[in-house]
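I am opening a notebook on this structure. I will go through it piece by piece and write down what I look up.

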Amino acid sequence: MSAPVWQRRRAAAVDVWRQFRANRGALFGTAFIALLVLFSLLAPLLIDQRGLEVVTATGGSLEPPSGEYWLGTDESGRSVMLLTLWGARVSLLVGFAATLLSVVVGTLVGVVSAHFGGWISAVLMRITDFFLVLPALVLAAVLMAVLPTSMWTVIMAIGVTSWPTTARLVRAQTLSVESRPYIERSKALGGGHAHVIGKHVLPSVLPLVFANTTLVVGGSIIAESTLAFLGMSGPEISWGSMLDRANQSGAVTAGAWWYLLPPGIAIVLVVLSFTLVGRGLETVLNPRLKGER
Amino acid sequence: MTTSPTEQHATDPDERRDGTSATRYVAGKVGGALVSLVFVVALGFFLFRMIPGDPLVTMTRERPTDPEQLAHLRERLGLDRPVWQQFLDYVAGLLQGDFGTSYMYRRPVGDMIAERVWPTVLLVGTATVLAVLLGLWLGVRAAWRRGGTFDRTQTGIALALWSMPQFWLGLLLLIATQGVFPSRGMTSVDPPDGFAAQALDVAWHLTLPCLTLLLVIYAQYMLVMRSSLLEEMGADYLRTARAKGLRDDLVRRRHAVPNALLPTMTLIFLQFGMVVSGTVTVEAVFSWPGLGLLTYESLRGPDLPVLQGVFVILAGSVIVMNLLADLLYRVVDPRVRAS
Amino acid sequence: MTPLLELQDLGVTYRTADGDLEAVRGVDLTLQPGETLGVAGESGSGKSTVAASVLRLLPKSATVTGTVLLDGQDVGAMRWGTLRAARWSEASVVFQGAMHALNPVRRVGKQIAEPIRLHTDAGESEIDARVRELLGQVDLPAAKARAYPHELSGGQKQRVMIAMALACDPRLVIADEPTTALDVIVQAQVLDLLGTLVEQRGIGLVFITHDLSVLASTCSRIAVMYQGRIVESGDAKEVITAPRHEHTAALAAAFPEVGDPGSRYAPATAEPLPEEGERDPQQPVLLSARDLRVHFRDRTGATVAAVNGVDLDVRRDEIVALVGQSGSGKTTLARTLLGLQRPTSGAVYYDGGPVPVSTSGLRDYRRRVQLVLQDPSSALNPRHTVYESVAEGPRIHRLGGDERDRVVRALEAAELRPAEQYLTRLPHELSGGQRQRVVIAGALALDPNVLVADEPVASLDASVRGEILGLLLRLRRQLGLAGLVITHDLGLAWNVADRVAVMYRGELVEVGAVEQVLLEPRHDYTGALLAALPSAGRDDARHEC
């Protein structure tokens, strides 16, 4: 019996991929992200890390692009290109880790509040709405200010402030699934909470959560860079901390565009890729949006 | 013809209870906002006093302080008393406008906030109004001709802007327009005479910060308006409107847009927190002397009493804005009045 | 005389992702002024597409062939300006589902006034007076002009739609399922109103519906559509009483006349019913409610008694029909009997003992008493195959034995044969009737003793209706299954039920044998329900022309 079921699942996956592939932006985004992830994993093998240390840097301060330094140097004489390539590691790690935290919390809160209803739901939604309207960046910055500074605090601060949107989305989707008669039928057959959530709610909510996740990654990467710009970052090299140093070292007044552009463009490309992939997935997976585009 | 029993059942109670439900609605929303405000104050208090360990250590981080000074500080801040009492003192202080004393400037935080409010209101107000107008207009046009050239380019631009860190956009604008617009502050060092000239001077300084804030937030408004109009496009009442012989633009203006505008409005107000976050970075980039810059300075300090005060004020204002939105929504959307 | 509306060889094709779909093929129709034409057909027969093509309201994906002549003018050849001028002033539409066809954020008065403003140059006070007059004609107080659609009941909204359709004195009105989703009593009122207006003003009316019996009392001529074609047309009485096409016959049989002995215990099913065996009138009571009450709080905090002191027994080997209008509390009663809703007071008994409230006790109870829902397309998880849906119950209850065997047996009992063919199908690959059979099979897989069916055929096509009802009757006769069928349809009760319970505002106002309650009603409300039934044989079918 299970063989036809798997065949079906595979056919469904192939179908999603076929529709997804028709969306050129989403396809470009997927390719770019895949390449960047692969590169970030292999970076320690490809990049000479001495070029990242201030003491072993060889160039002059804020040198414009040249044959030796394609994208010029920073204020300590390090290659901007090297820094940008290396910075992908932390930016992506923070983006993914914060997203994981945020999506897990959000999904849990969303499903629980929609499924059980009553006072649990009221309390959870009250908290969600509270965090939803708060200026997330300000709250994250405040958290960073009172906690010891490290990359993990950054992840925590972003994760803790970005889950409410996911919770809202998951709750809405769960409510719409739970209002379908087949849930009533399942209960009438004798299915309990675990059965209804496991067999009916989660399978239909998770695809959307997945689409939403890619959007959250983009948001987290922007949040990381903004926090870094406000001086709230660990000692690691990330795109955000590069931009912060560029700003602090007077690269703007010096007109050192080569120091400002590469990390910023990297952020835009990555976030745009995640956004395109997320929107592409949403159109394919969300039945309500079918036919849009 | 007599009306059937079911029909009476469906309408009568509605008409009777309209008055009482209005008060219930307003009371509910105001009560909810008050609870949120208490949350914010509690969060503001406990974040700064409770995590992690001794608040004095946090406060004096990176500042050598001898034991005698510490003891003095402890007593002056009331840290030797139980936490709940400290909280009550804090709330009592807030109610009298006492936000504590700045670490760096040795000035009352309340005064510092008060003088920074209006520049922020000016910046945020201008940018929001322009962003709403621009975003809604572009969103409607893009959705109505979905998939067309206008839609594709505008959606593309909006997505690109949405993917940009705001401060970076500000820095780019600064570099690109080097020297054309003033790079910092709200007035020239040597302000001109006369009200009109001074207003022009401020407007001149406002241009870049306002543009930066505007660019990122209009993009969101546009995307929201576009998708909520797209959702209305298949609605049956639009077919009714067409069947009546209405021109396409009248169908859009009279029927589709008013319906799509309502969910958009909610989202715009819900995202007000995002605008506030954006203000912090924009003011930091352009040294605009508002609450955002004050936040930035207190983060850099760190000047925790100032940060605490700014946090409570910014979060509180977002909650008040949302309350206003809820109340306004009831006036605008007839359906909310009933449910 | 130029016909008001003439369709010549009309064809409509929709471009879809899965290729072209011919929705309408070679349709010819004529309508003279003052005439009423009924178009009957099931969902997907193309009848609504025909309606939309008259005013060129089809979506962009549609290609139209043939000609539509409106008062002699070719609609297809009209320029946009001319077409817009013709819309609503020449011909107007009463759309299906007034709930969605009205703009939710505009006052209905404004919506009625809109076409007047557009097509005439009447002044403000004139328009106001006209709106008031129109509301008066559809029996609504003028004050309702200031109401928003959500403040009106279903019947009131439908009247607003009719007032709107008459706003510009059109010569042709197209009514697309104007009474679907309305209660019988309200439906009768709306039909009456339409008929009167047509008669008074001499306008032409095209009346589209799936319910032949409605057409019988309103129309002079009927055209029956099936798979995009007109399969039969002619004089209304003739078409209904002596149908020539088998599809017309199926449609006509789907709405039996209460009191017709030929349709008693005889739903329109192709498969013969098993002989009625010896029936013991003193079968044990399986499911019963004693003084059951369910109260809800509405949003103002006032208490609403959805179920107000109900006593009801369902015996083994009998089908009880629970009849009432929407809002009468019948669905709440069913949910409470199944333990899906807690009663405020009173109790439900199964097989002599009270129904347990504990989680595990309820689970055992639910093996015995099973539910069949109204809309089979949403009662099945679209991601689950037929096999998974039917096996869901046995898996929850960890029933031993061969699961596959159990599933196959349940499907065959629900008359899906050969069962193997259906196991791996997904709900969207099945027809409505087949889906409902899968739902029933899912219930049967647990070997229940009682089936509670909530409007089991309300969302099915007319020709499938009889088959599902036949299945219910067969299950009772063969397995001795008890059934509680909740319905708004008195014909259904006449078709299959042994006893009827009439529910009105949370109370059972009349309970008794079908023949007694439906032929000699004692309560006024039962009488009102019966009087509202449209009937082919009724003498007062007065709107014939």
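Predicted model: local features only at pLDDT ≥ 70, side-chain atom pairs only at ≥ 80, totals over all residues.

**Entry: chain A against chain C**

I looked up the contact between these two chains. It takes 20 residues from chain A and 25 residues from chain C. On the chain A side, I asked which helices each supply at least two residues. They are α1 (2–21), α7 (181–188) and α8 (193–229) of chain A. The largest share of that side comes from α7(A), with seven residues. I then sorted the chain A side by residue class. I got eight nonpolar, seven polar and five charged.

**Entry: chain B against chain A**

Next I turned to the contact of chain B with chain A. Here 42 residues of chain B are in contact with 35 residues of chain A. Several helices of chain B each give at least two residues to the side that touches chain A: α1 (5–50), α6 (149–162), α7 (166–176), α11 (272–286), α12 (291–300) and α13 (304–332). Which helix supplies the largest share of this side? I found α13(B), with eight residues. By class, the chain B side divides into 31 nonpolar, ten polar and one charged.

**Entry: chain A by itself**

I listed the secondary structure of chain A. It comes to ten helices and zero strands. Its C-alpha trace spans about 75 × 45 × 30 Å along the principal axes. I checked burial too: 47% of the 293 residues of chain A count as buried. Then I looked at contacts in chain A with a separation of 6 or more. Residues 24 or more positions apart account for 70% of them.

**Entry: a sheet in chain C**

I moved to chain C and traced an open sheet. Its six strands come in the order β6-β7-β8-β3-β9-β10, and the pairing is mixed. Which strands lie at the edges? They are β6 (91–94) and β10 of chain C, and each pairs on one side only. The twist averages 15 degrees from one strand to the next.

I picked one pair to follow. Strands β7 (172–176) and β8 (204–209) of chain C pair in the parallel sense over five bridges. One bridge sets Val173(C) against Leu205(C) in β8(C).

Two helices on this sheet went into my notes. Helix α6 (residues 154–165) of chain C packs on the sheet and touches β6 and β7 of chain C. Its direction makes about 175 degrees with that of β6(C). Helix α1 (residues 47–54) of chain C lies across β3, β6, β7, β8 and β9 of chain C. This helix runs at about 150 degrees to β7(C).

**Entry: another sheet in chain C**

I also traced an open sheet of six strands with the order β16-β17-β18-β13-β19-β20 in chain C. Its pairing is mixed. The edge strands are β16 (369–372) and β20 (507–513) of chain C. Neighbouring strands of this sheet are turned by 15 degrees against each other on average, direction ignored.

For a pair, I took β13 (residues 319–323) and β18 (residues 482–487) of chain C. They run parallel and are joined by five bridges. I looked up the bridge partner of Ala321(C) in β18(C), and it is Val485(C). Helix α11 (residues 330–337) of chain C packs on this sheet, touching β13, β17 (450–454), β18 and β19 (499–504) of chain C. Its direction makes about 150 degrees with that of β17(C).

**Entry: a covered helix**

Is helix α10 (residues 246–253) of chain C mostly covered or mostly open? I found it mostly covered, with six of its eight residues buried. Among the buried ones are His247(C), Thr248(C) and Leu251(C). What covers them includes β3 (36–40), α8 (212–218), β9 (221–226), β10 (229–235), α9 (236–241) and α17 (462–479) of chain C.

**Entry: the largest nonpolar core**

Last, I looked at the largest nonpolar core, which has 338 residues. Ala140(A), Ala141(A) and Ala441(C) touch the most other members. The largest share, 17 residues, comes from helix α8 (residues 195–233) of chain B. The core also draws at least three residues from each of domain 1 (101–169) and domain 2 (285–532) of chain C.

I followed up Ala140(A). Leaving aside neighbours within four places in sequence, Ala140(A) is in contact with Ala157(A), Ile158(A), Thr161(A), Ala223(A) and Leu227(A).

Definitions and conventions. Residues numbered from 1 in each chain as written. Chains lettered and ligands numbered in written order. Contact = placed C-beta atoms within 7 Å. Helix = DSSP H or I, 4+ residues; strand = E, 2+ residues; numbered from the N terminus. Nonpolar A, V, L, I, M, F, W, Y, C, P; charged D, E, K, R; others polar. Buried ≥ 20, exposed ≤ 12 C-beta atoms within 10 Å, placed from the backbone. Pairing = 2+ DSSP bridges. Axes fitted to C-alpha atoms, helices over the stretch in contact; angles between N-to-C directions. Core = buried A, V, L, I, M, F, W, Y, C linked by C-beta atoms within 7 Å. Domains from an automatic or database assignment.
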